Amino acid sequence: MTRLSILLATAATLGFSAPLSAATTYLNIDNISVAVGSGTGTGTFNNTFDNGQTIDKVIDAPTATAQEFHDQTTHIWFTGSAPNQGLELIFTFGVSYDITTLHFWNYTGEGYDVDNVEFTFFNSLGASIGSTSIQPALGSSGGITAQNIALQSPLNTRSVRAYLTGSNGQIDFQNIGFTANVSDPTLDPAPQVPLPAGGLLLLSGLWAVALRRRR
Ligand SMILES: [Ca+2]
Ligand SMILES: [Ca+2]
């Protein structure tokens, strides 16, 4: 084994290597963030944020197959002042992904459910790289499980804008998640993969050791 291969093997063992092949990942609160966008229409969030609840309720389902129940700890309810006044959500990823599937936990009745979602995809430079719209089905009654919808994003998607509307202005849903593959970093316009600070220190330390041994 060369010193370089030992270094790379060590880094890989410790989990700091860049992805060499696509890994399928469920994106939720554990690995992405979500915020209410400034493009949100005029309206009211009703009791969505009562008792210190945050917009993280959008991405708190632990798995793509998890059930959610219609309660204040995990659902979102926005009422637009008109049918075209929607809720804008910005999903930010730490690395780039190629999305394959949208998981959408909708409300169970037409009077409040989400009727349309416009998605816009952005790359690591913040440039728009594509868009599409979906019309989610009503949520399942009782425990709400996700509808799985094919949603193929452009390669190297770093953030996603979702604009949710209801035909009567009501926008109530439980959760949004994505299944995605880690993008090929060689195709990324800004391919830096952020390492945790400890990982950077460790890697620089390993290089220093290697260089010292070479002298
Ligand atoms: Ca939720
Ligand atoms: Ca509706």
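Which residues touch the most other members of the largest nonpolar core? In this predicted model, they are Phe91, Phe173 and Phe178, in a core of 33 residues. A nonpolar core is a set of buried Ala, Val, Leu, Ile, Met, Phe, Trp, Tyr and Cys residues joined through side-chain atoms within 4.5 Å. Buried means under 20% relative accessible area, exposed over 50%, and partly exposed in between (1.4 Å probe, protein chains only).

At least two residues of this core come from each of strand E2 (32–36), strand E4 (76–80), E5, strand E6 (116–122), strand E9 (157–165) and E10. E5 gives the most, with eight residues. Helices (H or I, at least four residues) and strands (E, at least two) are DSSP runs, numbered from the N terminus. A second, separate core has six residues, among them Tyr26, Ala61, Trp105 and Ala146.

Aromatic rings form a further theme. Rings of Phe, Tyr and Trp (its six-membered ring) pair if their centres lie within 6.5 Å; planes under 30 degrees apart count as stacked, over 60 as edge-to-face and the rest as tilted. By this rule there are 10 aromatic pairs. Two of them are set out below.

| Pair | Centre to centre | Angle of planes | Class |
|---|---|---|---|
| Phe45 and Phe49 | 5.0 Å | 45° | tilted |
| Phe104 and Phe173 | 5.7 Å | 25° | stacked |

Phe104 lies in strand E5 (residues 87–106) and Phe173 in strand E10 (residues 170–182), so their pair ties together parts that are 69 residues apart in sequence. Both Phe104 and Phe173 are buried. In the other pair, Phe45 is buried at 18% relative accessible area, while Phe49 is partly exposed at 32%. Ring pairs also link Phe91, Phe93, Tyr97, Phe119, Phe121 and Phe178 into a cluster.

Residues are numbered from 1 along each chain as its sequence is written, and chains are lettered from A and ligands numbered from 1 in the order in which they are written. Local features need pLDDT of at least 70 and side-chain atom pairs count only at pLDDT 80 or more, while totals for chains, interfaces and linings use all residues; side-chain values use heavy atoms, with hydrogens and water left out.
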